[in-house]
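Take a look at the model shown here. The notes that follow go through backbone geometry, strand pairing and domain contacts.

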Amino acid sequence: MSDFPEFAVRVDQNPYLPAGGREMHAIVSVEARASGGPGPAADGGRAPAAEIIMIDTSGSMSYRGKMAAAKRAARAAVNVLRDGVHFAVVAGANRPRMVYPQGERLVRADAASRRGAVDAVGRLEAAGGTAIGSWLRLADRLFTGHDAVAAGAVKHAILLTDGKNQHESDEELDAALRQCTGRFLCDARGVGTDWNVAELRKITSVLLGGFLDVPDPADLEADFLAMTRAAMSKQVADVTLRVWTPQQARLRFVKQMVPAVEDLTARRGESGPQTGDYPLGAWGDENREYHLCVEVQPGDVGRQMRAAWVKLVAGDQVLASGNVIAEWTDDEARSTRINGRVAHHTGQSELAEAIQQGLEARREGDEDTATARLGRAVVLAREVGNEQISSLLDKVVDVVDPARGTVRLKRDVAKADEMSLDTRSVRTVRTRHGDAAGG
């Protein structure tokens, strides 16, 4: 336990329900800090780790400086791997191949192996197509077949692509994702504007990672450095959100809200009577927030009950816990009060949905739906204070009345701007009275 961060759970809600009320909403904020206090953990507190860097080397990477930028990014990532981490570099095309080391294996990071990997990356050339599922399967074989990767190690992969998954079927990619689920974490980046946002969203959602667009290849190096350093800083490999609800209650949904909107509801695994587990992946020094909605059986006025018991669990250790309370009242002022954090995150969830629906309608030529949904997004972005999303919306629509959501679709929209809005639609900000901006 001493090597784990110190976890703390805070529950924000209005616990009061009107007579006959059933639905209780709560925001569960989780903060993890190194046991020695705030700031980066000492090396001794970090979990053992394994890292695989997968670089798209298809033929299209030879254009617009993408291959040269990818090499710089991969070399930078290799150079910040800490000693003792087991790693590999993989070239992805129609079929993946080992760049470093030779043969399907991982190698321990030290000065010599980092130099060897950097030299091998420098010899990469772009040729072939794109079959991302086969890259993920190779990563899975490397992670699971290497005896030196300790139990409890953080297994993390970086995936870079510049194109659509054209050389395998959707069914083949889905089968690869099913095989890899729960085996390792994966963050992805799409460089340029020819890749598919929905594909990377699906991959990283299943593999508990994040994805972003990198329109300018020159930005890849800084992005790879940030991803690798974040992976190296993790202290717990597998954290689970465990939620108990009373008999005859129903957990309607569980959503991650910070740093990004992600619906976790379908990931539930039963772990005991009236108890479900939701995998959260690896943790270091960080904050995340979750929105829970519980439907309970109505109680008499004055009755108070525990609507949910939330725990953060790693293995058989409970790291922190908190309660969601429900109390019935005939005081209308109490029961109609809206908790600010619940309202904020409800708005951010609707914002992400409105943007994705609006862009999809725009792609399909349904201008009325696109205008209505993107107009609603303009209103919501303003309400929740998401200035980045407001700026991105300005590149897709002309805003006539931001308060009412009156907009006109722009006729000429750069593909990079549309992809950035789609990709970043799920990136959220904390409430204005929170600690800091998030995501």
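Where is the place of Pro259? Pro259 sits in the loop between strand E12 (250–258) and E13. The model is predicted, so local features need pLDDT of at least 70 and side-chain atom pairs count only at pLDDT 80 or more, while totals for chains, interfaces and linings use all residues. Residues are numbered from 1 along each chain as its sequence is written, and side-chain values use heavy atoms, with hydrogens and water left out.

**Backbone geometry**

Most residues other than glycine have a negative phi, and most peptide bonds are trans. The peptide bond from Val258 to Pro259 is cis, with omega near 15 degrees. A cis bond also joins Tyr100 and Pro101, where omega is about -5 degrees. Pro101 belongs to the loop between strand E6 (97–100) and strand E7 (107–108).

Arg64 is not a glycine, yet its phi is positive, about 55 degrees. Arg64 lies in the loop between strand E4 (49–56) and helix H1 (66–79). Two hairpins also hold residues with positive phi. Gln274 takes a positive phi near 60 degrees in the hairpin of E14 and E15, which has two residues between the strands. Gly315 takes a positive phi near 65 degrees in the hairpin of E17 and E18, again with two residues between the strands.

**Strand pairing**

Strands of a sheet pair through backbone hydrogen bonds, either parallel or antiparallel. Two strands count as paired if DSSP finds at least two bridges between them. Five strands form an open sheet in the order E1-E3-E16-E12-E13, with antiparallel pairing. Its edge strands are E1 (6–12) and E13 (262–263), each pairing on one side only.

| Strand pair | Bridges | Facing residues |
|---|---|---|
| E3 (residues 23–33) and E16 (residues 286–295) | ten bridges | His25 opposite Cys293 |
| E11 and E17 (residues 304–314) | five bridges | Trp244 opposite Trp309 |
| E17 and E18 (residues 317–329) | ten bridges | Ala314 opposite Gln317 |
| E14 (residues 269–272) and E15 | three bridges | Gly269 opposite Asp277 |

Arg242 lies in strand E11 (residues 236–244) and Asp277 in strand E15 (residues 275–283), so the pair ties together parts that are 35 residues apart in sequence. A salt bridge here is a side-chain nitrogen of Lys or Arg within 4 Å of a carboxyl oxygen of Asp or Glu. The structure holds 28 salt bridges.

**Domains and their interface**

The domain assignment gives domain 1 (6–33 + 239–333), domain 2 (49–235) and domain 3 (341–425). Such bounds come from an automatic or database domain assignment. The centres of domain 2 and domain 3, taken over C-alpha atoms, are 31 Å apart.

How many residues of domain 2 are in contact with domain 3? Nine residues of domain 2 touch nine residues of domain 3, where contact means heavy atoms within 4.5 Å. Domain 2 and domain 3 bury about 830 Å² between them, 52% of it on carbon and sulfur atoms. Buried area is the accessible area (1.4 Å probe) that two parts lose on being put together, summed over both. Thr193, Arg201 and Asp213 supply 57% of the area that domain 2 buries against domain 3, more than any other three residues.

Two salt bridges link domain 2 and domain 3. Arg201 and Asp422 meet through their side chains in a salt bridge (3.2 Å, N to O). Four residue pairs are in polar contact across the interface of domain 2 and domain 3, both residues at pLDDT 80 or more. A polar contact is a pair of N or O atoms within 3.5 Å; within protein, one must be able to donate a hydrogen and the other to accept it, and residues adjacent in sequence count only if both atoms are side-chain atoms.

On the side of domain 2 that touches domain 3, helix H5 (197–206) and strand E10 (211–214) are the elements that give two or more residues. E10 gives the most, with three residues.

How values were computed. Helices (H or I, at least four residues) and strands (E, at least two) are DSSP runs, numbered from the N terminus.
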